[in-house]
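Colleague: I'm new to reading models like this one. Could you walk me through it?

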Amino acid sequence: MTGNRGRRTQADRDAITVEIGYALCSAAFAAAVVFGAVAGPALLFDLPRGLETVLVRTGLVLVPVLFLARVVAVLVRFQRSDQPSQPGRTRPDS
């Protein structure tokens with residue numbers, strides 16, 4: 001937040017909106033890739049019934065866990081990324 005009595009500027013709100021959108025899209029993509037990697041062989045090949053069930057269920061368990069982990073990681077990283085107070089200086093002691 002900025003120093004204007006706790007109110008966020010339009011630029012701050014836009015940045016948060018973009019970051020939330022990025023977090024959701026990248027999490028959905030990562031979850032889809034992991035599901036495809038884990039459950040894909042069960043859906044593409046004729047595997048034994050038990051192995052198919054294990055692969056699909058493992059994929060279904062991993063997808064929401066990965067999705068939430070990715071969203072939280074992106075949003076926490078965004079919250080912690082402070083800009084330097086003086087442009088061009090990246091170290092706090094410089």
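Colleague: Leaving aside neighbours within four places in sequence, which residues is L55 in contact with?

Modeller: Contact means heavy atoms within 4.5 Å. By that rule, and skipping those neighbours, L55 touches V38, A39, P41, A42 and L47. L55 and P41 sit 14 residues apart in sequence, with 8.1 Å between their C-alpha atoms. Keep in mind that this is a predicted model, where local features need pLDDT of at least 70, side-chain atom pairs count only at pLDDT 80 or more, and totals for chains, interfaces and linings use all residues. Residues are numbered from 1 along each chain as its sequence is written, and side-chain values use heavy atoms, leaving out hydrogens and water.

Colleague: Where is L55 placed?

Modeller: Helices (H or I, at least four residues) are DSSP runs, numbered from the N terminus. L55 belongs to helix 2, and the chain has two helices and zero strands.

Colleague: Which residues of helix 2 are buried?

Modeller: Buried means under 20% relative accessible area, using a 1.4 Å probe and protein chains only. In helix 2 those are E52, L55, G59, V71 and V74, and they pack against helix 1 (10–44).

Colleague: How far from E19 is the nearest side chain of opposite charge?

Modeller: Lys and Arg count as positive, Asp and Glu as negative; His and the chain ends are not counted. A salt bridge needs a side-chain nitrogen of Lys or Arg within 4 Å of a carboxyl oxygen of Asp or Glu. E19, in helix 1, is buried yet has no salt bridge, with R77 4.6 Å away. Setting aside neighbours within four places in sequence, E19 contacts V74, L75 and F78.

Definitions and conventions
Buried < 20%, exposed > 50% of the residue type's maximum accessible area, 1.4 Å probe, protein only.
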